[in-house]
Amino acid sequence: MVCPATDGRGRRHPGPRVPGTSRRRRRRPIELTRSRATTHRGLRARTGRVAAELERGGATPFLVPFGGSSPSSVRGCAAAGRELAEQVPDVRHVVVALGSGGTMAGLVSALGPGRVLGIHCGAVPDPHVAVFELLDGTSVRQADLRIRTDQVGASYEDLAEPAWQAVLLAGRTVGLVLEPTYTGRALAGLEAAVRDGDIQPGDRTVLVHTGGRPGLFGHDEARRRLRELQSDDGRVDVRP
């Protein structure tokens, strides 16, 4: 399996060249290859070359694209969207973090573009193009996609203040663990959509939680701020 990786702050992570083993029943060696590429295009080109080298050596590699967004992952997220529609048939808005686009594309293919609001996190240069390309073969038009681009902040890897405040809000009010790169931005985008009227009071709305704890404690700035909120007994006080 060949895939690009990121570190806990959302930065592209080249990784060291070290031996290891997988957790499969038949243990196979794993080799991590260092890359100087830091852009989506550069990572895609590098992983493609690695896959080609493996093929020439007689292997059958499976290439996992940046962010895991592929036709297969889109189909999986579409199944999640259909399950969501069964559980909450009157849902009006489904708010989701938009990284490489696969999760949103799958939800759009199941629920339609009108009900899905993607919150751009800065992982790709053009989120509309990223999602639209993953919807190839559907009737969805790029112009129909609902995407907010106002929650990125300085950059993908930097801590955006609205996202951090959303992380604290979720923890303080419902004990929900979010992280600042994706789910924090998603909740911040939901709040912004309510403020500007895109989501109206009373609209049945679902926030898709795509993960929290690893990204929270793996983010340097978030970890520093959590330490500032930590009391002598080790607890973190997120009260205002």
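**Reading a predicted fold, feature by feature**

Q: Which residue does D196 pair with in a salt bridge?

A: General idea first: side chains of opposite charge can pair when their charged atoms come close. Here the rule for a salt bridge is a side-chain nitrogen of Lys or Arg within 4 Å of a carboxyl oxygen of Asp or Glu. D196 meets R148 that way, at 2.7 Å from N to O. The two come from distant parts of the chain, 48 residues apart: R148 sits in strand β7 (residues 146-148), and D196 in the loop between α6 (183-195) and β8. R148 is buried, with a relative accessible area of 13%.

Q: How many salt bridges does that rule give?

A: The count comes to 10. One of them joins D144 and R141, with the closest N and O atoms 2.9 Å apart. R141 is exposed at 53%, and D144 is partly exposed at 28%.

Q: What separates R224 and E228 along helix α8?

A: Think about helix geometry: an α-helix has 3.6 residues a turn, so residues three or four places apart point the same way. R224 and E228 are 4 residues apart in α8 (residues 220-228), so about one helical turn separates them. Salt bridges that share partners join E161, E221, R224, R225 and E228 into one network. Within the R224–E228 salt bridge, the closest N and O atoms are 2.4 Å apart. R224 is partly exposed, at 34%, whereas E228 is exposed, at 56%.

Q: Take α2. What span does it have, and what would be expected?

A: The expected span of a helix is 1.5 Å times one less than its number of residues. Helix α2 (residues 71-87) has 17 residues and reaches 25 Å from first C-alpha to last, close to the expected 24 Å.

Q: And which of its residues are buried?

A: Those are V74, C77, A78, G81 and L84. Seen down the axis of α2, the buried residues fall within an arc of 115°, so they line one face of the helix; the arc is that of the directions from the helix axis to the C-beta atoms. On the other side, R75, E86 and Q87 are exposed.

Q: What covers that buried face?

A: Look for contacts, meaning heavy atoms within 4.5 Å. The cover on the buried residues of α2 includes β5 (93-98), α3 (102-111), α4 (127-134) and β8 (205-207).

Q: Helix α4 also holds P127, I see. Which residues does P127 touch?

A: Not counting residues up to four places away in sequence, P127 touches L98, H120, I147 and T149. P127 is buried, at 5%. Its C-alpha lies 7.7 Å from that of I147, 20 residues away in sequence.

Q: What about ring pairs: how many are there?

A: Rings of Phe, Tyr and Trp (its six-membered ring) pair if their centres lie within 6.5 Å; planes under 30 degrees apart count as stacked, over 60 as edge-to-face and the rest as tilted. The count here is 1 aromatic pair. The rings of Y156 and Y182 have centres 6.0 Å apart and planes at 65°, so the pair is edge-to-face. Y156 is in the loop between β7 and α5 (161-174), and Y182 in the loop between α5 and α6, 26 residues apart. Y156 is buried, at 6%, while Y182 is partly exposed, at 27%.

Methods:
Residues are numbered from 1 along each chain as its sequence is written. This is a predicted model: local features need pLDDT of at least 70, side-chain atom pairs count only at pLDDT 80 or more; totals for chains, interfaces and linings use all residues. Side-chain values use heavy atoms; hydrogens and water are left out. Buried means under 20% relative accessible area, exposed over 50%, partly exposed in between (1.4 Å probe, protein chains only).
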